[in-house]
Amino acid sequence: MPSSRRAILGHIMSGICMRMNRTKPVPADVMETPLKRCLTTFDIALLGIGHMVGAGIYVLTGTVAKEMAGPGIILSFVLAGFVSLLAALCYAEFGTRVPKAGSAYVYTYISIGEFWAFVIGWNILLEHMLGAASVARAWSGYVDSMLGGWIANTTLSLMGGIHEPGLAQYPDVLAFLVCIVYAAALGIGVKATAVFNSVLTLVNIGVMVVVISVGFWYADLNNWSEAEGGFLPYGFGGVIAGAATCFYAFVGFDSIATSGEEAKNPSVSIPIATVLSLFVVTIGYILVSAALTLMIPISDINPAASLPEAFGQLQLPWAKYIISIGALCGMTTTLLGSLYALPRCMYAMASDGLLFSCFGRINASTQVPLLNLIISGLLSACLALVFDLAKLVEFMSIGTLLAYTIVSASVIILRYRPLAHVGSPNPVYAPDTPDDENDEDAESQSSIDTASPTSDLIEGALAGRLKPQFRWLEPLLGRFAPGSVVSVAVLLFIVLSFAICLELKVSWTELYTGTWWALLVYGFIIFAACTCVAIMAVHNQNTRGLNFKVPLVPYVPALGIFSNIMLMVHLDALTWVRFFVWVSIGMVVYFLYGIRHSKEGEICSSYSILMTSSEAGKLNWGSFKGSRSTSKHTVLERFMGRSKLDKDKSPIVEEEDDDNDNADSPH
């Protein structure tokens, strides 16, 4: 009896694991959507720029320069921009693969599985809610500074203050109303919103040009001298801490990927808009930071309104009002970007059955998820009403960094997964041509591939397998299913990256002084991490059908993973506690609702684009070799792969069925 209980419990747990790891197939027509495809590349690029250039440049710049990095904020923005670029390239590739709303959530669902997709989607919802609330709070603070503090003083006199740690000093009614009004404005339709966003973004860019020009005109290099603390008054550690905070200023580019389901030509628009917007914003941040720290000493910077106060100290009152106009325009576009992306992420999750079905409805006239927009506006408004800006910004970074890490890992995993539906006329993926072929052969092979199912089958077989020059590794790495070794290497690389970053933070003194045990441990961890990347690189990739590809895979995504983890480790411990509380709430939603109502659970066999069409059969219970669907794999099998079985090791259930068939057949 105990063994029966263990068998039943094991069967139940196996079923739960299989459901948690089922993947989402890409529809046959990825361009089909109930949303309205009306956005051009220009619209999407300005949407990304507008989402990024807001509170980050007008509020965050002064805080980081005065309290964290000093003039080294320039390096903080360079580092944060570089890390964002690594993630942006991965988002751009996924945007060409899957032009659907949901961004990192959809990408994770397709490549890794349902559980991690829900975790990422749940954190994206929080990211955009906190983003909208923080920008509304900054918007209100700027208006209040223009009015000489009248709003704050009036609110305190009428309603009193809030005397709780982590909350704001007073309820910000204006920030609450701003969220409600802009959420209502987004309900009129996406094209009208895009036009309004484009106008405000162009005004904001013009104001940035004025700030940079005037700032460098009044620049004084003595403000970077040793008398004022030097270029790095807080050391390089301050630069890293500042980069982790400045990362908040770049989180808006993932709204570009979210707009993929409303883009006219997403395979072209998404990568161009992503790279262009990130480049423009990074250059703007660097130049504005340099101008601010050159105009006045860091000791004179006002974190609440750094740019207007800096120009005020230079006796330029006219510049103060121009900057305030640009700040309001910039923060308005950032708020619109957050409130634009949040309802569409809710819609994507509800369409898959992981959130309540009411969030998956689209208004017929406006082609906008109106209920999601109402809920998003109310929740963001409530957060803006009572929470402090600094706490909102800090809490938002960890979810964003986690999403970027998973997306970078997903790019590597998909690059080395075998070709799916290799016999279809328009395959989604295909492997690279072997490295030893010349360019002419590659071009001719490409022309053949588009029309030759046979060549698709041949190249599909190469994906995730060892390259010819590394066949000598076959006894060690060739025993597992194609692509599974790379998945294990990615998982181990993430774990080792956490270990490296923690070692740097905790044992920096021992490493700096050359303590032998610290150097030995650190050297071993680095060697193991590099080995994981090398194992990924010796396998064939799968890149056919992609209009945009991340360069130097797996090195660029691996560097992105490491950089994101480095910034995550430097976040405050209390931020991690809040993060785990939010994830715990999400787990309640997933296991009580999402796992039972998932659309992938409604079909007997979940067809994943990562599996071949010949593997789409139904699995007999108890069979290990006959697993034909990604949704049938346990957690261990998904990451570790399954060893190739000999013919004499066929499943027991299949043998029994064959015996029964033979017994029933007439002699």
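Here is a short tour of a helix pair and some salt bridges.

Before you click, note that this is a predicted model, where local features need pLDDT of at least 70, side-chain atom pairs count only at pLDDT 80 or more, and totals for chains, interfaces and linings use all residues. Residues are numbered from 1 along each chain as its sequence is written, and side-chain values use heavy atoms, with hydrogens and water left out.

Start by selecting 114-146 and 317-351: these are helix 6 and helix 14, packed at about 160° with axes 9 Å apart. That angle makes helix 6 roughly antiparallel to helix 14 (the label applies over 145 degrees). Colour their contact by residue type and you'll get 24 nonpolar, seven polar and no charged residues.

Next, pick Arg22, in the loop between helix 1 and helix 2. Arg22 is buried, at 5% relative accessible area (buried means under 20%, with a 1.4 Å probe and protein chains only). Its side chain reaches the backbone oxygen of Ile595 at 2.8 Å.

Glu114 sits in helix 6, 92 residues from Arg22.

How many salt bridges does the whole structure hold? A search finds five. Another to select is Arg137 with Asp172, at 3.6 Å, N to O. Arg137 lies in helix 6 and Asp172 in the loop between helix 7 and helix 8, so the pair ties together parts 35 residues apart in sequence.

Last stop: Glu262 and Arg344, meeting in a salt bridge at 2.8 Å, N to O. Both Glu262 and Arg344 are buried.

Methods. Axes fitted to C-alpha atoms, helices over the stretch in contact; angles between N-to-C directions. Helix = DSSP H or I, 4+ residues; strand = E, 2+ residues; numbered from the N terminus. Parallel < 35°, antiparallel > 145°, perpendicular 65-115°, else oblique. Nonpolar A, V, L, I, M, F, W, Y, C, P; charged D, E, K, R; others polar. Buried < 20%, exposed > 50% of the residue type's maximum accessible area, 1.4 Å probe, protein only. Polar contact = N/O pair within 3.5 Å; in protein donor to acceptor, adjacent residues only side chain to side chain. Salt bridge = Lys/Arg side-chain N within 4 Å of Asp/Glu carboxyl O.
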